[in-house]
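Please read the points below alongside the coordinates.

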Amino acid sequence: MRAAYYDQQGDPLVLRLGELPDPMAGPGEVRVRIAVSGLNPSDTKGRSGWGGAPMPFPRIVPHQDGSGVIESVGPGVDPARIGERVWIYEAQRGRPFGTGAELCIVPAEQAVALPEGVSFEVGACLGVPAMTAHRCLLADGAIEERWVLVQGGTGAVGLAAVMLAKYLGARVIATVSREQQARVVSAAGCDLVLNRHADDIASHVREATDGHGVDRVIDVSLATNIATDLACLATNGVICAYASDSADTMLTVPFVPALLGGATIRWVFVYAMPHQAHLDAARDINAALASGACRPVIGLDLPLDEIARAHAAQDSGTVVGKILLRVG
């Protein structure tokens, strides 16, 4: 099979393209012919050795997310699944080979049937960001008729959180840093869009919520936003943190506001989510897809040959929307 891979960590130029042996599905697994591979920050962090994390395997085919068609199954998997169009999540978790190749092996439940009419491009946008967003939104109960603040509304997780929150009946406020981003989250159905550089976030949030505050904050940079988050949070609300600007960022929590508001901080790392949370997320994501409520934005679409360019673009943080690589 044709694949992208790296044998050492470093900048995007460590990525290579070549022929590797075709993998075979084992018990409980399926082999998927990949159409589109989706790129995430965790993929480039693994490639670069972010935070000092070592290479878990001597050679790695990167990428957790993707989409394609099941072409063979291992023992214990219904052969009727052969030919099924699927989206894949966490393909490279605990494994050396992810979706950056023509063929990928995953446990059968991690290949989720694509709803009718949903493209491979959309399918490759799901996985890590949509499941992270789902966990942030629902780990602490239903959000119907509740207020949600998404700090960083046009990142892959942030935009998924906006769309899923609206689908689940919440009222949503999102922060952005420029006009292009504001247009994207407005199109996703956001009730209020605020510019984190120009607006007094807390005062606008309090006004919009009639002084109640938001019941959930979904935050991409908690160390930067903690004071604002607490000022926006309703009593006994939850702040969900899923990312950091740096591996060595220190978090200082203003004790009195957090104490008096009964605030909870939840840490959400998709690879540590409970098994049932993954299954629940896959179910709800598919329902949102089928309804048309989940419409991921594609920011860059490249052939697999340009994987180094894709990784550099991901590292730059300038692309609004998901970065995809066409494999098949």
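1. Which domains does the domain assignment of the chain give? The assignment, whose bounds come from an automatic or database source, gives domain 1 (2-114 + 297-326) and domain 2 (129-271). This is a predicted model, in which local features need pLDDT of at least 70 and side-chain atom pairs count only at pLDDT 80 or more, whereas totals for chains, interfaces and linings use all residues. Residues are numbered from 1 along each chain as its sequence is written, and side-chain values use heavy atoms, with hydrogens and water left out.

2. The C-alpha centres of domain 1 and domain 2 are 29 Å apart. Their contact (heavy atoms within 4.5 Å) takes 16 residues from domain 1 and 13 residues from domain 2.

3. An open sheet is formed by six strands in the order S10-S9-S8-S11-S12-S13, with parallel pairing; strands (E, at least two residues) and helices (H or I, at least four) are DSSP runs numbered from the N terminus, and two strands pair if DSSP finds at least two bridges between them. Strand S10 (192-195) and strand S13 (264-267) each have a single partner strand and stand at the edges, so one side of each is left without a neighbour in the sheet. From one strand to the next, the twist averages 20°.

4. Helix H3 lies across strand S8 (147-151), strand S11 (214-219), strand S12 (233-241) and S13, and runs at about 150° to S11. Helix H7 (residues 222-232) also packs on the sheet, where it touches S8, S11, S12 and S13, and its direction makes about 160° with that of S12. Such angles run from 0 to 180 degrees between N-to-C directions, with axes fitted to C-alpha atoms, for helices over the stretch in contact.

5. The count comes to one cavity of 30 Å³ or more, a cavity being a set of points on a 1 Å grid over the protein atoms alone where a 1.4 Å probe fits but cannot get out. The largest cavity holds about 130 Å³ of space, a volume being the space filled by probe spheres set on the points, which are joined across faces, edges and corners.

6. Lining residues, which have an atom within 4 Å of a point, number 15 for the largest cavity, and Cys125, Ala156, Ala160, Pro296 and Val297 lie nearest its centre. Helix H3 (127-138) and helix H4 (156-167) are the elements that give two or more residues to this lining, and H4 gives the most, with four residues. Both domain 1 and domain 2 give residues to the lining, so the largest cavity lies between them.

Notes
On a 1 Å grid over the protein atoms alone, a cavity is a set of points where a 1.4 Å probe fits but cannot get out, and a pocket is an open set with protein on both sides within 12 Å along at least five of seven lines; lining residues have an atom within 4 Å of a point.
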